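Dear colleague,

I am passing on to you the structure shown below, together with its sequence. Please read the notes that follow it with the structure open.

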Amino acid sequence: MPDWRKTIDRALARRADLGFGPLAGYRVLDGEGDGAPDLWIDSFAGHWIAQGKSPDPPPGLIEAAAGRCKSLWWKHLTQGDKTAPRFLTGLREERFLMEEHGVRYWIEPSAGYSPGIFLDQRENRRWIMDLARNCADRPLRVLNLFAYTCGFSAAAAAAGAATASVDLSARYLDWGRENFVANAIQLSDHQFLKGDTFSWLRRLAKRGECFDVAILDPPTFSRGEKGKVFRVEKDFGDLVAQSARLIDPAGGWLLCSTNSRSMTPDSFKKMSWEGAMAAGRVPESCQPLQMPPDFPGEDYLKANRLKIREKSQKSS
């Protein structure tokens, strides 16, 4: 049986210089990257969610975590990863705040799909905050599609951006509003748009709305309001094209992201690039995301920051 106490101690020592405070969210243990195949542990303000492919945690894990975390939860990774974590030990808090880059987010450990934020997108949230802070003449206009609990929107808004968040779920949009309130952000300055993403893209285009950045981080598979299926491998290019048409013709950004294992980084970049060109936009640069340093295991996330402009516009 592995000595989980030593394994966790080694993993924590590797992260000691990354500056994670007591309210931070970060990956404590990243599978094979930390010498622990099939075991992953995430910390949310000191509450740990461990996950693996077995229905029950490995023997000795509960004892090894004792004294290192506020609580320990176990998530059985099943098809679709929607199984809700179950409480194992410690201080049971159903809802609490974590903090990242000075922005607070509500976390619910027992939620099924995710506890409220995806830790592997940390550097992209920092990037959108930097863009917002450097937009001096007016607020940065951010469109967040498949917004979930509006993590990207809250980060952007906290840095001064004007945001529009689109999601099919009223519950998640309400969660997003609560994230805004937790950061003393005025809700009246932001849009929360319930409904199908593609329907809203058409409506926003008819309204003549224009954005500087669009966040495209959809689930690998989903169904719209009328049961229409969205698959990243098949439909992401169309999502890029329709979103690109809403970007300021003078220039702007698309954050294109997926955790689909069936796509290679090159094929995903090609799909994103061609989607922008189908919308009559010229891709000027494509910056790939590097996984955060607390994720030394599988390099599964594909994310590109695609800078585009309308063909008729001269590059500045």
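The notes below go from the whole chain to single elements and residues.

This is a predicted model, in which local features need pLDDT of at least 70 and side-chain atom pairs count only at pLDDT 80 or more, while totals for chains, interfaces and linings use all residues. Residues are numbered from 1 along each chain as its sequence is written, and side-chain values use heavy atoms, with hydrogens and water left out.

Overall form

The protein has eight helices and 16 strands; helices (H or I, at least four residues) and strands (E, at least two) are DSSP runs, numbered from the N terminus. Its radius of gyration is 20 Å, close to the 20 Å that the globule rule gives for 316 residues, so the protein is as compact as a globular protein of that length. That radius is taken over C-alpha atoms, and the rule is 2.2 Å times the number of residues to the power 0.38. The C-alpha trace spans about 65 × 40 × 40 Å along the principal axes. Of the 316 residues, 52% count as buried (under 20% relative accessible area, with exposed over 50% and partly exposed in between; 1.4 Å probe, protein chains only). Among contacts (heavy atoms within 4.5 Å) between residues at least 6 apart in sequence, 61% join residues at least 24 apart.

The seven-stranded sheet

Seven strands form an open sheet with mixed pairing, in the order E10-E9-E8-E11-E14-E16-E15. Two strands pair if DSSP finds at least two bridges between them. Strand E10 (191-194) and strand E15 (281-288) stand at the edges with a single partner strand each, so one side of each is left without a neighbour in the sheet. From one strand to the next, the twist averages 15°. Strand E9 (residues 162-167) pairs with E10 in the parallel sense over four bridges, and Phe192 in E10 is the bridge partner of Ser165.

Helix H4 (residues 151-158) lies across strand E8 (141-145), E9, strand E11 (213-216) and strand E14 (252-258), and runs at about 175° to E9. For such angles, axes are lines fitted to C-alpha atoms, for helices over the stretch in contact, and values run from 0 to 180 degrees between N-to-C directions.

Strands E1 and E2

In strand E1 (residues 25-30), six of the six residues are buried. Five bridges join E1 to strand E2 (residues 39-44), and the two run antiparallel. Gly25 stands opposite Phe44 in E2.

Helix H7 (residues 232-244) has 13 residues, which at 1.5 Å a residue should span 18 Å; its end C-alpha atoms are 17 Å apart, which agrees. The expected span is 1.5 Å times one less than the number of residues. H7 is mostly covered, with 10 of its 13 residues buried, among them Phe236, Leu239 and Val240.

Thr197 lies in helix H6 (residues 197-207) and counts as buried, at 4% relative accessibility. Not counting residues up to four places away in sequence, Thr197 touches Leu145, Phe146, Val166 and Leu239. Thr197 and Leu239 are 42 residues apart along the chain, and their C-alpha atoms are separated by 8.8 Å.

With kind regards
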